[in-house]
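Let's take a walk through this protein, one stop at a time. Keep the picture open while you read.

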Amino acid sequence: MALYDRGDAAGTQSAAWVAAAMLAPLAEAASAELLITELGAASLERWPGFIADMPEPVFFQRNGTLVVWHAGDRAEAPLFERRLRANAPSALFQNGFVKLSGAQVAAAEPSLGTRFPQGWLLPNEGQLDNRQVLNALGAGLAERNVDLHWNTTIDTPPDAHFVIDCRGLGGKPAWPALRGIRGEVARVHAPGIGLMRPVRLLHPRYPLYIAPKQDDLYVIGATEVEGEDMSPMSVRSALELLSAAFAVHPGFGEARILELNSQCRPTLPDHRPAIVWDGARTLRVNGLYRHGYMIAPEVADSARALAEALLGGAITDPDSFDDWRGRARWSALLRCEHAAPVL
Ligand SMILES: Cc1cc2nc3c(=O)[nH]c(=O)nc-3n(C[C@H](O)[C@H](O)[C@H](O)COP(=O)(O)OP(=O)(O)OC[C@H]3O[C@@H](n4cnc5c(N)ncnc54)[C@H](O)[C@@H]3O)c2cc1C
């Protein structure tokens, strides 16, 4: 078995390297549909098992998401709440949405004090350290004697028995409908603030999150701009992200900027991930958009199961693909290029 990647072993060429790696299916319901939030909720339960199988430690936290807003932006709150109710599985919302008074916000996240008159705690959500995941995955592959070819660009499929193409936006030549949605994040070191969980700030123009990782590291993001522009972060984005963080906690004024990063989220027209069998020896897995970490366990497992069915002879043609797909949990993700279009 072999893996080819045009980037290095650390994953620095990927959207996965830049991401904040929040596992927040309920908070994401503000802009994601039910399929995505269901995938996210199921995946969140599986991350601890995935991490336990990795040969290196990975920071994983399930301490919830705190949502706050400044008094002037309170009109954003009911809209956000309505979207969560509409787009999240009802059990996720019922068991995972707690309204907080200002005093309760201060109790939940003491470093914010009484700065916010209200907030919501989504207590079940998680996050992890994306770069530790990438390192641990690479180490796991090496341990399993996978033939690793870093810094190797693939333009035409290698002559292999079976190919899984998961090149993100780099897979666009084989999948022209893919597009990039640019995202920018800052990484800062801010000792002494001590946020205990990701904080999301509702804002009409630039909604913001601050995701605390280990050792006083914070990922502050993220912009969402149509286009495949991989150039460095703009001054406007840096000003917006950093001033919004400063408004959440003035301690960010003394933070040290470690990185200002930009990358593009690989996105399909319906903003859903897809696993496509080309009818021969290739599976394409793509379109993870802004939810790659949040939904990875279930998407990867669906791709693995489909690959096994193809390699094991359970699927041989579009008809047997359709039968198999009908029994799959996440059938909405699965397509066969030469079958009738899947709705
Ligand atoms: C700013 C930002 C914040 C994000 N925050 C979150 C978050 O909080 N939670 C969450 O769940 N998701 C988040 N995401 C989304 C997540 O990062 C993506 O959904 C995910 O990384 C997509 O995974 P992928 O493997 O398809 O693509 P990528 O991560 O881009 O990986 C593609 C890989 O393919 C390789 N490749 C590309 N072309 C070729 C080629 N021709 N030959 C060989 N190799 C190639 C690349 O080097 C790369 O390693 C965020 C993304 C961004 C940009």
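Asn151 sits in the loop between β8 (147-149) and β9 (163-165). Strands here are DSSP runs of E with at least two residues, helices are runs of H or I with at least four, and both are numbered from the N terminus. Before we go on, note that this is a predicted model: local features need pLDDT of at least 70, side-chain atom pairs count only at pLDDT 80 or more, and totals for chains, interfaces and linings use all residues. Residues are numbered from 1 along each chain as its sequence is written.

What is the phi of Asn151 near? Phi is near 55°, a positive value in a residue other than glycine. Is Asn151 buried or exposed? Asn151 is exposed, because 11 other C-beta atoms lie within 10 Å. The cut-offs are 20 or more other C-beta atoms within 10 Å for buried, 12 or fewer for exposed, and partly exposed in between, with C-beta atoms placed from the backbone.

Tyr289 counts as buried because it has 20 C-beta neighbours inside 10 Å.

Then there's a cis peptide bond joining Gly221 and Ala222, with omega about -20°. Ala222 belongs to the loop between β13 (217-221) and β14 (225-226). For background, most residues other than glycine have a negative phi, and most peptide bonds are trans.

## Helix α3

Helix α3 covers residues 34-52, and its 19 residues should span 27 Å at 1.5 Å a residue; the end C-alpha atoms are 28 Å apart, which agrees. That expected span is 1.5 Å times one less than the number of residues.

Where does α3 bend? The bend is about 40° at Arg46, and Pro48 follows within four residues. A bend is the angle between axes fitted to the seven residues ending at a residue and the seven starting there. Among the buried residues of α3 are Ile36, Leu39, Leu44, Trp47 and Phe50.

## Around the ligand

Of the 35 residues around the ligand, Gly168, Gly170, Gly183, Gly292 and Tyr293 come nearest. Being near means that a residue's C-beta atom, placed from the backbone, lies within 6 Å. Elements giving two or more residues to this shell are α1 (15-18), β10 (179-189), β15 (256-267) and α9 (292-311).
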